[in-house]
Amino acid sequence: MKIFTGAQIHELDQYTIEHEPIESINLMERAAKALVRAISESWSNTTPVVVFAGPGNNGGDALAVARMLAEAGYTVSAFLFNISGHLSTDCAVNRQRLRDCKRVKNFIEVTQEFDPPQLEADTLVVDGLFGSGLNKPLAGGFASLVKYINAAPSKVVSIDLPSGLMSEDNTYNVRANIIRADLTLTIQQPKLSFFFPENQLFIGKLRVLDIRLSEEGIQKTEAQYNVIDESDIRPLLRERDSFAHKGNMGSALLIAGSYGMAGAAVLAAKACLRSGAGKVTVHSPKRNNAILQISVPEAIVQLDSEETIFSEAVDTEEYSALGIGPGLGLSESSAMAFITQIRRAQCPIIVDADAINILATHRAWMMQLPKGIILTPHPKEFERMEGHCTDSYERLTKARELAERLQGYIILKGHYSALCCPDGHVMFNSTGNAGMATAGSGDVLTGIITGLLARGYHQKEACMAGMFLHGLAGDIAAKHLGMESLIAGDLIKYLPEAFKRLND
């Protein structure tokens with residue numbers, strides 16, 4: 001699914017109007033009908049409704065919703081804020097239609113002073129003040145109105161976006177001046193700002209309403225951001241040849257696990273094996289030998305010369321993929337062995353965890369990373385590499401720029417993990433849940449992607465499929481176990497079911 005900017009959504013509206021063809025006021029009517037259906041599914045017509053409409057097309061949507069709710073038997077009071085004396089064309093049409101509707105309890109057009117209505121706990125507020133066209137923080141009277149609504153006990157439904165929230169960049173927004181919706185009914189496509197954790201406070205529950213904007217227009221419009229779904233992953237998955245043997249199913253090398261962190265190596269190795277690699281070799285310090293041999297008997301254990309740390313690079317000629325970093329430790333000997341390993345590697349590489357932290361303390365090494373490398377930082381690890389970020393938008397922008405600069409792949413991990421590609425495109429993962437916020441989840445992801453690389457998947461394919469399968473396994477695990485008790489090992493346990501679901 002493509003994620004369009006506010007400007008692109010406006011262009012798509014125009015494309016639909018011209019090519020369906022349909023009049024803009026009728027497209028607004030179509031959107032309002034979808035909004036009313038969604039509202040009526042959650043609130044019966046015994047719920048009193050207060051609608052706040054702004055002067056633009058978001059306000060036009062709100063006025064149409066007010067009229068349709070009133071016609072459906074809801075008790076509706078509507079307030080249109082026309083402070084500047086200028087309404088969009090369609091908003092003006094819907095103002096007149098609302099005036100002509102005899103079933104609306106109260107309709108007030110606010111041009112100067114505003115006496116706010118009492119908002120009770122049983123009242124539903126419909127927020128249609130500002131939508132995706134907003135490009136600066138709310139101030140003055142509108143900011144005061146937002147604060148008044150947020151302080152009320154009423155439930156709030158926002159049309160398209162919570163008023164005050166911008167479609168993309170909210171770095172310099174005033175958070176106190178953004179509506180805190182209980183439900184956001186967004187039109188046609190999710191907005192980029194919906195994928196950032198600090199904005200969830202404003203969005204509440206999210207529903208995307210299809211109002212049948214031009215499919216041709218959607219296909220023609222290039223999007224820098226996309227959401228990965230099942231239909232993107234199914235075609236990527238490779239079938240096993242009937243005559244396959246371990247020698248042609250890929251040989252993966254994992255360099256992981258300082259002494260005391262053998263569990264990271266175990267999790268990565270098990271996930272790698274469960275992802276289809278024919279052979280998995282784990283290079284780890286001597287003291288991890290017994291743990292690995294007992295915990296992962298299917299893996300080959302290759303011991304470092306040191307007892308407790310990774311200290312020597314490995315010849316990768318016989319391997320088809322390298323995963324390095326889980327539980328590696330931060331000793332200077334391990335750091336030197338890491339950069340030597342990176343320079344020597346002759347196969348696709350995924351770098352995670354402590355290997356990323358090593359790069360953060362040896363910034364000059366970043367430019368020695370080979371093209372096509374995969375880095376999988378969580379937000380704090382990323383900021384150690386690239387510096388403090390004010391918010392998720394800035395962090396994502398920096399990650400996208402780093403992927404372009406390195407000509408590699410950055411998976412910025414989170415609820416919506418974001419894959420930043422060398423060409424500047426970003427893909428958000430749609431699977432996963434809060435139960436996966438547990439130690440070891442990242443080690444499992446590293447193992448999955450390493451296994452897919454070993455099987456012969458291209459780096460981009462391995463990242464896309466790896467993220468999706470990792471999250472899907474977590475969703476299946478949560479369904480069986482609940483989120484509260486989910487641990488990293490459960491992701492490996494349910495990984496076969498995730499593969500099976502995609503293959504069936």
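Student: How many helices and strands does the secondary structure of the chain come to?

Tutor: Welcome! The secondary structure of the chain comes to 17 helices and 18 strands. Keep in mind that this is a predicted model. Along its principal axes, the C-alpha trace spans about 85 × 45 × 40 Å.

Student: What share of the residues counts as buried?

Tutor: Of the 504 residues in the chain, 59% count as buried. Contacts tell another part of the story. Among those between residues at least 6 apart in sequence, 72% join residues at least 24 apart.

Student: Let's turn to the sheets. What is the order of the strands in the open sheet of 7 strands?

Tutor: The order is E4-E3-E2-E5-E6-E7-E8, and the pairing is parallel. At the edges stand strand E4 (106–110) and strand E8 (205–209); each has a single partner strand, so one side of each is left without a neighbour in the sheet. On average, neighbouring strands of this sheet are turned by 15° against each other, direction ignored.

Student: How many bridges join E2 to strand E5?

Tutor: There are 5 bridges between E2 and strand E5 (residues 124–128), and the two run parallel. To see a particular position, find Phe-52, which stands opposite Asp-127 in E5.

Student: Which helix lies across E3 and E4?

Tutor: That is helix H4 (residues 89–100), which runs at about 145° to E4.

Student: And what order do the strands have in the open sheet of 11 strands?

Tutor: Here the order is E1-E9-E18-E17-E16-E15-E14-E13-E10-E11-E12, with mixed pairing. The edge strands are E1 (2–3) and E12 (300–303); because each has a single partner strand, one side of each is left without a neighbour in the sheet. Inside the sheet, strand E10 (residues 251–255) and strand E11 (residues 279–284) run parallel and are joined by 5 bridges.

Student: Which strands does helix H14 lie across?

Tutor: Helix H14 (residues 392–406) lies across strand E9 (225–228), strand E15 (374–375), strand E16 (409–412), strand E17 (418–420) and strand E18 (426–429). Its direction is at about 160° to E16.

Student: Now for aromatic rings. How many aromatic pairs does the count come to?

Tutor: When reading a ring pair, look at the distance between the centres and then at the angle between the planes. The count comes to 11 aromatic pairs. Take Phe-52 and Phe-81: their centres are 6.2 Å apart with 40° between the planes, and the pair is tilted. This pair links distant parts of the chain, with Phe-52 in strand E2 (residues 49–53) and Phe-81 in strand E3 (residues 76–81), 29 residues apart.

Student: Are Phe-52 and Phe-81 buried or exposed?

Tutor: Phe-52 has a relative accessible area of 0%, so this residue is buried. Phe-81 is buried too, at 4%. Phe-81 also pairs with Phe-142: the ring centres are 5.9 Å apart and the planes are at 65°, so this pair is edge-to-face. Again distant parts of the chain are linked, since Phe-81 is in strand E3 and Phe-142 is in helix H5 (residues 140–151), 61 residues apart.

Student: Which residues form one aromatic cluster?

Tutor: The cluster is formed by Phe-52, Phe-79, Phe-81, Phe-114, Phe-130 and Phe-142.

Student: Where does the charged end of Arg-238 sit?

Tutor: It sits over the ring of Tyr-457, 5.2 Å from the ring's centre. Likewise, the charged end of Arg-287 sits over the ring of Tyr-259, 5.1 Å from its centre.

Student: At roughly what angle do the axes of helix H16 and helix H17 cross?

Tutor: The axes of helix H16 (residues 459–481) and helix H17 (residues 488–503) cross at roughly 110° and come within 7 Å. H16 and H17 are therefore roughly perpendicular to each other. Among the residues that meet here are Phe-468, Leu-472 and Ile-476 in H16 and Leu-491, Tyr-494 and Phe-499 in H17.

Methods
Residues numbered from 1 in each chain as written. Predicted model: local features only at pLDDT ≥ 70, side-chain atom pairs only at ≥ 80, totals over all residues. Heavy atoms only, no water. Phe/Tyr/Trp six-rings, centres within 6.5 Å; stacked < 30°, edge-to-face > 60°. Helix = DSSP H or I, 4+ residues; strand = E, 2+ residues; numbered from the N terminus. Buried < 20%, exposed > 50% of the residue type's maximum accessible area, 1.4 Å probe, protein only. Lys NZ or Arg CZ within 6 Å of the ring centre and 35° of its normal. Pairing = 2+ DSSP bridges. Axes fitted to C-alpha atoms, helices over the stretch in contact; angles between N-to-C directions. Contact = heavy atoms within 4.5 Å. Parallel < 35°, antiparallel > 145°, perpendicular 65-115°, else oblique.
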